[in-house]
Amino acid sequence: KWNADTGADVVGNWWSDAALVKASGKPNAGLSFYQVHYYEWQKAATYNFSPWDGRGPTHYLSDGKPVLIGELPAKPRDKWYTNQEMLEQSYRLGYVGHMPWGYSSSRGDKEGSWEDIRDRLKAFRDARPAEVDLNLSR
C-alpha cells in the first residue's frame with residue numbers, strides 16, 4: 001500500500017529514491033532493496049494484499065530493486081497458505097529471500113517458532129544447495 005507505484009488501494013511509494021530525496025533533501029538518498037511483510041490479516045477481503053497470488057516484486061515496484069519478504073509467519077494459521085507454499089512461491093516469483101517470523105512458543109506468540117519452520121527451511125535449502133546458504137545448526 002505504501003510501497004507501490006500503482007494498484008488498487010495504493011497510497012504511493014513512500015520509499016522510492018525520489019520520495020526519499022524529497023523527504024530528506026539529500027540528493028543521494030535511497031534504499032538498496034525493499035521489504036514487504038505478510039500476515040493473515042493482510043489477505044482478508046478488507047486489505048486483499050498478499051506478496052503471492054501471482055504477484056512478484058515487479059507488481060509493487062517499478063525501479064528494479066530487489067524485494068525481500070521480511071516477515072511471514074513461521075507457523076501460519078491462515079486458510080490461504082501453508083509455510084511451504086509461502087517459501088516456494090517467494091522463490092518462484094523472484095523475491096530475493098524471506099525471513100519467517102516467530103518468538104519462542106513459550107512466549108505465546110501466535111506466529112510460531114523456530115521449531116515450526118526449521119524443517120521446511122531445511123527442505124527448501126536442500127532442494128537448492130547451489131543457491132541457498134542457510135545454517136540450521138541452532
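1. Contact here means heavy atoms within 4.5 Å. The model is predicted: local features need pLDDT of at least 70, side-chain atom pairs count only at pLDDT 80 or more, and totals for chains, interfaces and linings use all residues. Residues are numbered from 1 along each chain as its sequence is written, and side-chain values use heavy atoms, with hydrogens and water left out.

2. Arg128 sits in the segment that follows α4 (114-127); helices (H or I, at least four residues) and strands (E, at least two) are DSSP runs, numbered from the N terminus. Beyond its neighbours within four places in sequence, Arg128 is in contact with Glu88 and Tyr91. The side chains of Arg128 and Glu88 are joined by a polar contact of 2.5 Å (a pair of N or O atoms within 3.5 Å; within protein, one must be able to donate a hydrogen and the other to accept it, and residues adjacent in sequence count only if both atoms are side-chain atoms).

3. Arg128 counts as buried because its relative accessibility is 10% (buried is under 20% relative accessible area, exposed over 50%, partly exposed in between; 1.4 Å probe, protein chains only).

4. The largest nonpolar core has eleven residues, including Tyr34, Val36, Trp52 and Met86. Such a core is a set of buried Ala, Val, Leu, Ile, Met, Phe, Trp, Tyr and Cys residues joined through side-chain atoms within 4.5 Å. β1 (34-37), β2 (67-73) and α3 (83-93) each give two or more residues to this core, and β2 gives the most, with three.
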